[in-house]
Amino acid sequence: MIRRISPVSILFLFGFLSGVPMSDVYPVQKIIIDTDFVRPPQDDALAVMLALKSPELKILGLTTVAGNASREQATTDLLWMLEKMGRTEIPVYEGADLSL
């Protein structure tokens, strides 16, 4: 069976092997993250930290909701982490105060 390599795969491979940042190959993705963030870092916390460090992503805002903890706790913890990471310019909005 013959497999074909897609043009996207070739661009990705070229960018990876040449040391060219992926943001030079693909446009930066604008995202908004909705999270039930809690400390110490849980699943959402790790995802937010990775997104904050990614040159391929531009975070337009973060929203906090009740889930693993209350909405207020999620917001407080998220603001704490943004301060520690030096990213206080990212807006944080509070969402639902009850789990759906």
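Residues are numbered from 1 along each chain as its sequence is written, and side-chain values use heavy atoms, without hydrogens and water. In this predicted model, local features need pLDDT of at least 70 and side-chain atom pairs count only at pLDDT 80 or more, while totals for chains, interfaces and linings use all residues.

**Exercise 1.** Determine how the axes of H3 and H4 cross, and which residues meet.

*Solution.* 
1. Helices are DSSP runs (H or I, at least four residues), numbered from the N terminus. The axes of H3 (residues 43-53) and H4 (residues 71-84) come within 12 Å and cross at roughly 30 degrees; axes are lines fitted to C-alpha atoms over the stretch in contact, with angles from 0 to 180 degrees between N-to-C directions.
2. H3 is therefore roughly parallel to H4, a class for angles under 35 degrees.
3. Ala45, Val48, Met49 and Leu52 in H3 meet Leu78, Met81 and Leu82 in H4; contact means heavy atoms within 4.5 Å.
4. By class, this contact of H3 with H4 has seven nonpolar, no polar and no charged residues. Ala, Val, Leu, Ile, Met, Phe, Trp, Tyr, Cys and Pro count as nonpolar, Asp, Glu, Lys and Arg as charged, and the others, Gly among them, as polar.

Note on methods
Helices (H or I, at least four residues) and strands (E, at least two) are DSSP runs, numbered from the N terminus. Angles under 35 degrees count as roughly parallel, over 145 as roughly antiparallel, 65 to 115 as roughly perpendicular and the rest as oblique.
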